[in-house]
Amino acid sequence: MNIIFITTLYPAFPNQSRMEMSYAVHYFAQEYAKQHEVTVIRLFPSYPSLFNAFGKARRAKKILQHEDKFDMDGVSVCRIPIRKYPKIDYFRQDVIEVSKRAIKCLGQDAAPDLVICDILNPSIYVGERISKHFKSKLVASLHNSDKFYLQKNKNRLKFMAIEDHIENIIFRSTVIETAFMKMYKGKKDATAFATVLFGIQDGDLLSEQEFLTKINKPMKEIVVACSLIELKKVNVLISAFSRISSNSDYILRVIGDGPEKMRLMELAVLAGCKDQVIFEGQKSREDVLRCMQNADVFAMVSSPETFGLVYVEAMAKGCITIGSRGEGIDGVIVDGLNGYLCSPDSVVELEQVLKKALQIDIQEKEAILSCARITASEMTYKKLAIELLNKVEIRG
């Protein structure tokens, strides 16, 4: 099978830092490349010279504004810049021009069976032209940003104008699906829609021996890994932690960086737990996973949260995992079965949940971690890639 991905959510050059760019779409493409021919059209927003004073635009102008081809883990990537002005939608003529360049990159003799567009704007509009040219099946893959994009009436009308050419719509979380269906006024029936989450690598799962070690390990360390921004509600976690930290050797590791860092450090001082709250700073994904493996509890009560892959990574690494009730992880985490859920803004409730997790008896701990391990094992990219093809009714 020949599969084309069109997206702005992809490394723009080989070995781009995972702290700069999500590799989630790449992991799907990498799985497909093991059995199929896969090409990624990586659209790169390119700002005109007028905006070169901005750091982001200046960097893009210097190294990324030219078209390039490269290989990543068996995936052929064609990076194509597309002109973008801040706060202004992509121009139709630029979408047409980039579509022509993408077709040239693929080759006139290319015969893609499936075109998957992650992030609607501009991917789906470029994808529509490419799929028409090659007579390929077109699939829209909606992310959190698409939920906000479609809330604007002009954007929703623009998307609906090409809806007939889109055979399937894939949602990357149940929250996105719910939001989309509330505003959807089209003609597609339920068979056109599906939710396929992002997942983890097979190697992220603990071995049997590592799993047994985690079960028998004394409960001591809590970890959170996220951007230190307001919606992650690390302040709620620190406040709840301060209530259980006195007269104990509990530790809270905060992994990440962001604009809230200084305020959170001040909160730890004011709450009287600064010696037990360790700010680790930004870490690579590999280092985050190692920290999770050494920790006992992962807690993050962010809101709004579409779907936090970091929760699944924590479950894979044998952490008792605490997430937000009513947010994107609710349903993946089932309260009391494979982890715990908590109201995002309740310090008192989170305090109680942390106590429950840290003081859990070994039989219940084994039961919860075992269920969490099963959940994580069902969310590997290998399995999810197969699920996506099945949902769009393509076999092989």
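**Entry 1. Lys274 and Asp275**

I looked up the side chains of Asp275 and Lys274 and found that they meet in a salt bridge, at 3.2 Å from N to O. I count a salt bridge where a side-chain nitrogen of Lys or Arg lies within 4 Å of a carboxyl oxygen of Asp or Glu. Asp275 is exposed, with a relative accessible area of 67%, while Lys274 is partly exposed at 47%. Here buried means under 20% relative accessible area, exposed means over 50%, and partly exposed lies in between (1.4 Å probe, protein chains only).

I note that this is a predicted model, in which local features need pLDDT of at least 70 and side-chain atom pairs count only at pLDDT 80 or more, whereas totals for chains, interfaces and linings use all residues. Residues are numbered from 1 along each chain as its sequence is written, and side-chain values use heavy atoms, with hydrogens and water left out.

**Entry 2. Other salt bridges**

I then examined Lys137 and Glu167, whose side chains meet in a salt bridge of 4.0 Å, N to O. Lys137 lies in strand S6 (residues 137-142) and Glu167 in the loop between helix H6 (153-160) and strand S7 (168-171), so the pair ties together parts that are 30 residues apart in sequence. For these elements I use DSSP runs numbered from the N terminus: helices are H or I with at least four residues, and strands are E with at least two. Lys137 is buried, at 13% relative accessible area, whereas Glu167 is partly exposed, at 44%.

Arg325 and Glu349 form a further salt bridge, with the closest N and O atoms 2.9 Å apart. This pair links distant parts of the chain, for Arg325 stands in the loop between S13 and S14 and Glu349 in helix H13 (residues 347-358), 24 residues apart. Arg325 is partly exposed, with a relative accessibility of 35%. I also recorded one network, in which salt bridges that share partners join Glu221, Arg253, Glu280 and Lys283.

**Entry 3. The open sheet**

I traced six strands that form an open sheet with parallel pairing, in the order S11-S10-S9-S12-S13-S14. Two strands are taken to pair if DSSP finds at least two bridges between them. At the edges are strand S11 (277-281) and strand S14 (340-342), each of which pairs on one side only. From one strand to the next the twist averages 25 degrees. Such angles run from 0 to 180 degrees between N-to-C directions, with axes fitted as lines to C-alpha atoms, for helices over the stretch in contact.

Within the sheet, strand S9 (residues 221-225) runs parallel to strand S12 (residues 297-299) and is joined to S12 by two bridges. Which residue in S12 does Ile222 stand opposite? I found Val297 there. Helix H12 (residues 309-316) packs on the sheet and touches S9, S12 and strand S13 (320-324), its direction making about 165 degrees with that of S13.

**Entry 4. The S3-S4 hairpin**

Strand S3 (residues 68-72) and strand S4 (residues 75-83) pair in the antiparallel sense over five bridges. Asp71 has Ser76 in S4 as its bridge partner. S3 and S4 form a hairpin with two residues between them, and Asp73 in the turn has a positive phi of about 55 degrees.

**Entry 5. Nonpolar cores**

I next looked up the nonpolar cores, meaning sets of buried Ala, Val, Leu, Ile, Met, Phe, Trp, Tyr and Cys residues joined through side-chain atoms within 4.5 Å. The largest has 64 residues, and Ile222, Val297, Phe298, Ile322, Leu350 and Leu354 have the most contacts inside it. Helix H9 (residues 234-245) gives the largest share of this core, seven residues. A second, separate core of 37 residues includes Cys78, Leu106, Val126 and Phe180.

**Entry 6. Aromatic pairs**

I recorded 14 aromatic pairs. Rings of Phe, Tyr and Trp (its six-membered ring) pair if their centres lie within 6.5 Å; planes under 30 degrees apart count as stacked, over 60 as edge-to-face and the rest as tilted. The ring centres of Phe28 and Tyr381 are 5.3 Å apart and the planes stand at 90 degrees, so this pair is edge-to-face. Phe28 belongs to helix H1 (residues 24-33) and Tyr381 to helix H15 (residues 381-391), 353 residues apart. Both Phe28 and Tyr381 are buried. I also found one aromatic cluster, with Phe5, Tyr23 and Phe198 among its members.

Terms used: Contact means heavy atoms within 4.5 Å.
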